[in-house]
Amino acid sequence: MASKDQSDYDMDIEKALEQVDFSDSEATPYTESQSDGEQKRRSTLYKFLRQSAFWEIRGSYNLNRRRRMKDKRQGGQYRVKQKPFEEEEEASAPDFPPLAPAFIPPRHRTDEVYIELHELTMDAHNEMRWVEAARWLKVEEDYQDDIRQWGKPQISYLTFHSLLEVHRAFQKGTVLLDLAEKTLPGISSQVIDQMIYEDRLKPQNRDEVLRALLLQHSRPDEEIIKVGDPESGQPLLHSLEMKTMPEQEQKKSPLAERVPENAEASIVLVGCVSFLEQPTLAFVRLKEAVYLDTVLEVPLPIRFLFVLLGPDNSNISYHEVGRAVSSMMAERVFRNEMYLAEGRQDLIKSLEDFLEYSIVLPPCDSPDGQLLKDLVPVQKNLLRKRYQVEKELGRIKPEIPDEPPEDPLRRTGKIFGGLARDIRRRYPKYLSDITDALNPQCLAAVIFIYFAALSPAITFGGLMSEKTNRWMGVSELLVSTAVQGVVFCIFGAQPLLILGFSGPLLVFEEAFYNFCESQGIEYIVGRVWIGFWLILIVIIVVAFEGSFLVRFISRFTQEIFSFLISLIFIYETFAKLVTIFSKHPLQGHYNQTTEIDLAKAPQPNTALLSLVLMFGAFLIAFFLRQFKNSGFFPGKLRRIVGDFGVPIAILLMVVADYFIKDTYTQKLSLPKGLSVSRPENRTWFIPPLGFNTVDNPFPIWMMFASVVPALLVFILIFMESQITTLIVSKPERKTIKGSGFHLDLLLIVGMGGVCALFGMPWLSATTVRTVTHANALTITSKGDKPQIERVIEQRISGFLVAILVGVSILMEPILTLIPLAVLFGIFLYMGVTSLNGIQLFDRILLMLKPPKYHPNVPFVTRVKTWRMHIFTLIQTLCLAVLFAVMFTPASLALPFILILTVPVRMFLMPFIFNKLELKCLDSEDASVNLEEEEGQDVYNEVQMPI
């Protein structure tokens, strides 16, 4: 007599057959003695549905009934009083699980999966428990036992032996698909019963394996509290999940925030046990994803389970096998195939397909990093083929690519279209630019960037005062930096930019002053007309979206420009030193009467002290920079000392000069209070028609001719500002609010044009200071190699830095103690350190080294040495021409000559070098550097001058 459960299923099958055509060619012919019910029961469809009922009696299958059926065929001890149907004896045991018929719709698949690898470990209390060893969320994250924290995400690397073990597991291990259990004890019991049924586990080991599968699961970074049954001495098992636990609201962990919505999880359990003689494996796919309390670190429904238990003397690396299974489940195509698998053979076929698109690296005595990088295109090609095959088979739905981020340099084809797009993109995030500043890291950045901005302002201000005969100096530069910085932080699109004066602008100011002096033109008035033309030029350029032209300025031109400015810095430093030695030569007797002006008459020891102060400031700043990236002292202390190296060098040399009272040195000249550098000749407002409109009016022809120097200034500001914005906007920097090339260019150039009317210098976005500002606001992950998580994009830090720089003008009593020789030492430091990030400088040094000492970088390994040297010689020739122009009356036209290197790179170089060589020699390969590697800092990331 059939059981009650079986009778219920018989009735359900009868009802299902009433709604379908059950005619079957394999069924016995119909006779009058057979009823309709008997004919239905002889059909193949009835057999399939009847066999399917086996799995439903206990949630997934009736294990005892399967045993009786198989034992009966072999003459065993099990007997059944009544056969459910006659064909059951002749038919072979049904496949487990039964194959899904074609008319059943495919099950739901998820696009994302979270995987955890748990290992069986003995804790500090000598109790066994499952401890999370690794996790996968697209990529692998391992727990670092030595530093007791999670490591950075990484690409999984698998051993070939572990993949073979996984292949053997799918062939010989236990496979349960569409198991309908909803608790861990139920799942574990079903898995063990199936293992015993398939003779993969001895019955006497059932309790031990069950106890192992139900051990506690814990996190590696959490404190282990000893819990359990004091009478039995056994650890607390997962039977507790059957109890009702009070619900508590828990704060969402950072890991849970990273897991996509509607994601499902997989759990991989591996470990050594002493009671097993050979490894036993099981792969389980649940019919419905279920929540298993305390198993996962994040509350997610679990769909897949993989279990590997075996003796500790086995030659299997359980950890590597677990990593292999987890890595395969993290791969999108393999994961989708696991959802669609209908039997063991489908699993094996999916694994073999996975291996077909994998790369195996043979043992190599001296693996080369660059050669390994060359495998990336090969892997991408294999992945592309894998996805293409799956799409053609219809096994995965075509991937809808994410909408690419908007290119801020893409032209809209409308007048002021780029400017309007910048405003629409950036201004809606204005409120967050203020609220995001409520972070202690912003305050630290303000203090650091203040000194980083003040030191160059004082240095360039003092030098500009020397070059322009005090028409502009430190006071004008400080006020201009403060005013323009405040306005830009309020209205700018990229508030991470730090505005300031730079070397190229100083070179132009000197050349234009010399030109005006030779023509008898008022220099400060000529700058006003340059400012008017600057405003007109920038309006025209922004209206027609001219910022896209920055794409044509390649590394070829940037490096020539940077190298030129560095040479000018170094040359000017030694030129000033020669001037000091010529004014104060070393001689046996000096006239030291008080009536003679100290600055005009030769003074004893002035030249030697100036030499000491200059090189002292340079060496202190330089070696403090090296100290920042050395191995001495904790990292935070090194960074503080290194970042403030320039202010420390200035302070120490000023103190040394202050205590040497019997030797004269030329000091920085500053007016008292908020006054111009030359109050006897000018005010804060510059009349466009000149100071003396009656006797010496400003020439009308120069009003129109000023468009030429205006173009030169615009080229300099355009190159520095736009390239700096490109560097800050790198995807690696994780900036999410976007930049505005057109809006920022309009503000920077427009403010420079207006400032010229007040006798203040125009500014540009300074590359090194901006990159330093962005690094100071960057939040990185913990670990041996920190990774950028995000950048605090806000307006307050730049705003406060500008205010503090402006207030510094009131420090006149302190600033006038700084010797000019100290500022020229800082000038030398800027020139020397700027060479470090220039590939051209590196290739010039390689010309002096044998090839065996060349580094393993693309422009060395993938380009023939002699062709690399030809490329270097061409750049050096262009550099020599530009440097020679600096000492001719045509020095004012330097930016025009510089811009000619762009067509040289675009049209001439392709005739000499092929595409691969140009890609290696002229690629933008500078990466974001946040690691404390010796000799590496922000100067290695930029090619633009300071």
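Rings of Phe, Tyr and Trp, the last through its six-membered ring, count as a pair if their centres lie within 6.5 Å. In this predicted model, such ring pairs link Phe 508, Phe 512, Tyr 513, Phe 515, Tyr 523 and Trp 762 into a cluster. Across the whole structure, a search finds 26 aromatic pairs.

The setting of these pairs is a protein chain with 37 helices and 13 strands. The chain has 946 residues, of which 50% count as buried. Among contacts in the chain with a separation of 6 or more, 76% come from residues 24 or more positions apart.

Two packed helices are described by the angle between their axes and the distance between the axes. Helix α19 covers residues 503–519 and helix α20 covers residues 523–543; their axes come within 9 Å and cross at roughly 120°. Because angles of 65 to 115 degrees count as roughly perpendicular and those over 145 as roughly antiparallel, α19 and α20 are oblique to each other. Their crossing is right-handed. On the α19 side, the contact is made by Phe 508, Glu 509, Phe 512, Tyr 513 and Cys 516, while α20 contributes Tyr 523, Gly 526, Arg 527 and Ile 530.

Other ring pairs join elements elsewhere in the chain. A pair of aromatic rings is described by the distance of the centres and the angle of the planes. For Phe 283 and Phe 304, the ring centres are 6.0 Å apart and the planes stand at 35°, so this pair is tilted. Phe 283 lies in strand β8 (residues 280–290) and Phe 304 in strand β9 (residues 302–310), so that the pair links distant parts of the chain, 21 residues apart. Both Phe 283 and Phe 304 are buried.

A second tilted pair consists of Phe 563 and Phe 841, with ring centres 6.1 Å apart and planes at 55°. Here the partners are 278 residues apart: Phe 563 is in helix α21 (residues 555–583) and Phe 841 in helix α32 (residues 839–846). Phe 841 has a relative accessibility of 22% and so counts as partly exposed, because buried means under 20%.

Note on methods: Residues are numbered from 1 along each chain as its sequence is written. This is a predicted model: local features need pLDDT of at least 70, side-chain atom pairs count only at pLDDT 80 or more; totals for chains, interfaces and linings use all residues. Side-chain values use heavy atoms; hydrogens and water are left out. Axes are lines fitted to C-alpha atoms, for helices over the stretch in contact, and angles run from 0 to 180 degrees between N-to-C directions. Helices (H or I, at least four residues) and strands (E, at least two) are DSSP runs, numbered from the N terminus. Angles under 35 degrees count as roughly parallel, over 145 as roughly antiparallel, 65 to 115 as roughly perpendicular and the rest as oblique. A crossing is left-handed if the near helix is turned anticlockwise from the far one by less than a right angle, and right-handed if clockwise. Contact means heavy atoms within 4.5 Å. Rings of Phe, Tyr and Trp (its six-membered ring) pair if their centres lie within 6.5 Å; planes under 30 degrees apart count as stacked, over 60 as edge-to-face and the rest as tilted. Buried means under 20% relative accessible area, exposed over 50%, partly exposed in between (1.4 Å probe, protein chains only).
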